[in-house]
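Please walk me through the features of this structure, one at a time, giving the general idea before the case.

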Amino acid sequence: PHPPLGLAATDEWVATANEGQGTISFFAIEGPSTSPSPRYLGSLAAAAAPIRYLKLVPSIGLLSSSEDGYVTVWPISDVNKTVAGREASTARLGPFKWASEAIEHVTFGQGSGLACAAYADIEIWVPIPGGNWTRLQRLSGHSRLVTNLAFLPSMGLLASSSLDTNLGVWRFRGGQWELASYLYDHSKPVRTLLWIPSGPLLASGDEESLILWRPITSSLCEFSYTKGYYLPGFNRYDVGGTSVERCRQLCCENPWCRSFDYAHRGDDRTHGPRTCWLSVAREGGGGGGGLAWDSQANYDYYEITKRGSRFMTLQTPLGISELTLASTNRLLLSSNFEDGNVDIWKLSTSTCPDGQMAKGDGQNCILCPFGRAGTKGICPACRPGLIADEEGLLQCKSCPRGKYMSGIGGVKCTSCEKGRYATNEGTSQCTDCVRGYFSTVVGSSQVAHCQHCPKGAYSLNAASTACNSCTSGTSHDRYGSFNNSHCTSCELCGTSRAGGAAGPCHVPKNPSCQDCPAGMVKTTASACEYCPHGSFPDGDNIACDVFKDGSFDAVPDLNNRVCYTRSQYKNFACPMQLSGGWGSDGRPSQTSAEKFLDLSAAENRACSQLHCMGAFYELAVIAKRQSGQCRPDESLKSLCRWSTARLNEDIAQREGEARRAEEASELSQRQDKCRNVCDCNQLCQDVTDDEQRREQAFTVVPFTQTACAVRGLACFATCTSTRPVKTVERRFDCMSNGEVRDIVVKKTKLPRCQASCSTCPQEPYRDSSFSSCDGKGEGLSGGEIAGIVVGSIVGAGSLVGLAWWCSRHSHPKRRVTEENA
């Protein structure tokens, strides 16, 4: 009179539980297999409340779930004893807050147990000594009643179906069960599911369809992608400072998420760079309207087009109420909600050709669609960085360098935006130019396109397309700045108040924030003025300092070099270079054409000061090598080189002026002598003689002088005759005359400043007091290694080169001679 709600069977007996009854009825199966007949064995009062579900687990027993919220375990070693009541139940599981209508035997780790549906949760129970059971873990993930459970031993996956229309796939990892993925494609409550081990495939049914799934252990979604657009409103959750891949993962893992917007750059007001907004709506659905265009190309729109690993959907108008797998493992039996018939589904092993896939009806093949490619009848969506821009492809194409595809199932690669680049093929996301750099190139494939921000500018964010200039009246001297705090008042630039040489604005600047040229200082009036040659700006770049006159005295202790600051340089002495700038070799002897003169006192003193600047630079290098704390004054070296070049220009100019005056005097004297030796009458007689030799028809009237002039170093005579009627100009080169040629005014030759600016002065400009400056001579530091190179030592007809490295700590000073070499 009451329809059965539960059914369990072995090869020998069948157990049933009827609706509204708390008893279990047993029937023996007798007779030949071709025509078996049941025989009633008896009933078992299993529970005080009606039984809702029966499950047979051979290794455990017969399980009954009743409306009182308990699951009872019954032994089945001898069904007759069980019916007769001689074998009582071995254990009770519960209480559950809802009568469990799905129980599954699961194995995990080194043990096994039972997964029991507990309304919207799943409880894992394990046996304990003494024949009892205890709850190990509660799994939460569904929002409505769990209707069925199925376990796949080969992969250790537990699948659950629910009235919330979703499937859950659970796995045991790290000592506990966890949700591996959701499968969302059902639109109606799911009543049944089972595993097909030969696939393996998961089959599930609702009121409209049967869906086959591939097992997955992570959330899987496919997204569409629209560049330069966003969906206004409906933002439920925002994430800043993240990647597109992370936003895709978050949206896929949350069943309410249907789309998201992604911003590459911040707007300095409402959000920072690399921000996404997860949305409950989508374009034209879920309350969402149309997409809005972003003229700045900062926002992109992503929408979920497919969730999960759905393999095939089979439409069944009558729905699926129960699924059973035949023993052949290739026949799937299903019952429906209305006519009571059983449908038999055959699993075919046919494979579509390469470049094709099965159509949704499971009966025909179609070309791999756009965004997909593959072989052997499978066309997976192209992964990020790959595209399929035509149908029927066997494999996806890589995006070229300078382009990317962030989503799966891509059809067209997108060029990297300004401020980004992609150096490799198959890129899913372009790399940002780092902070302090910018790029204006679209589709860049080179990191070199990222240019550093110039001095006086900065970029706070990565992927910048331009740099921000410091506000009016401020600047800095750092390239690639990503900090607006580097911008310093130009009135303070170059001074200790701006950090000095190590500060962000170490070059003095005028009121217009233009750099004072090298060698200039900024006066109290904020104007740039040149320091005299050989002097240097003080520590604050507001005055010019010089070394004192005298022997070099900056090395009081050879073994403990001191690291001096710019403000201390003026306390030390600097010797004057010898012979008016010619050095220890002395002034060269005069020649017939040149006279060698000394530098002026100011020039010689300036060059001497520049030699000392190089000495102080090398002192800092040695001190850094000894202590590791000193920083060589690079700005002093640059200033020294600039000043040396300017000084030599001034010397060359003075030398040139003297030589031009001497050349003019020489020319004037030669011209005077030229006038004395020039005979214009004789030149006209020479013209007459030449004409007479050529003319035979008549007698030539002698040419007479009508003009006589000296131009340059030549004499010109203008000669005229009436027969022939002719005027001739005859030239005489005065330099052919020995008296003119012997007039020579000697030309001035001046020495040049030979300051190296990075080392102590070398011969012939090395004063004896510089012996303590570097590692040469008697001033060799005990903590240093000196390199003494002896070359061109000739012995036995051969050239010998000796490199002798020595330390005064290890042996006394040695002399290198031809014999010991």
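This is a predicted model: local features need pLDDT of at least 70, side-chain atom pairs count only at pLDDT 80 or more; totals for chains, interfaces and linings use all residues.

The dialogue below takes up cores, helix packing and backbone geometry in turn.

Q: Which residues of the largest nonpolar core touch the most other members?
A: A nonpolar core is a set of buried Ala, Val, Leu, Ile, Met, Phe, Trp, Tyr and Cys residues joined through side-chain atoms within 4.5 Å, where buried means under 20% relative accessible area, exposed over 50% and partly exposed in between (1.4 Å probe, protein chains only). Here the largest core has 31 residues, and Phe547, Phe552 and Phe616 touch the most other members. The elements giving two or more residues to this core are α3 (601-627) and α4 (634-677), helices being DSSP runs of H or I of at least four residues and strands runs of E of at least two, numbered from the N terminus. The largest share, 8 residues, comes from α3.

Q: How do the axes of α3 and α4 cross?
A: Axes are lines fitted to C-alpha atoms, for helices over the stretch in contact (heavy atoms within 4.5 Å), and angles run from 0 to 180 degrees between N-to-C directions. The axes of α3 and α4 come within 10 Å and cross at roughly 155°. That makes α3 roughly antiparallel to α4, because angles over 145 degrees count as roughly antiparallel, under 35 as roughly parallel, 65 to 115 as roughly perpendicular and the rest as oblique. Residues making the contact include Leu610 and Met613 of α3, and Leu647 and Ile651 of α4.

Q: Where are the cis peptide bonds at Pro95 and Pro764 placed?
A: Most residues other than glycine have a negative phi, and most peptide bonds are trans. A cis bond joins Gly94 and Pro95, with omega about 0°, and Pro95 is in the loop between β8 (91-93) and β9 (103-108). The bond from Glu763 to Pro764 is also cis, with omega near 5°, and Pro764 lies in the loop between β55 (747-749) and β56 (786-795).

Q: Is Ala463, with its positive phi, buried or exposed?
A: Ala463 has a positive phi of about 60° although it is not a glycine; it lies in the loop between β41 (457-458) and β42 (468-469) and is buried, with a relative accessible area of 1%.

Notes. Residues are numbered from 1 along each chain as its sequence is written. Side-chain values use heavy atoms; hydrogens and water are left out.
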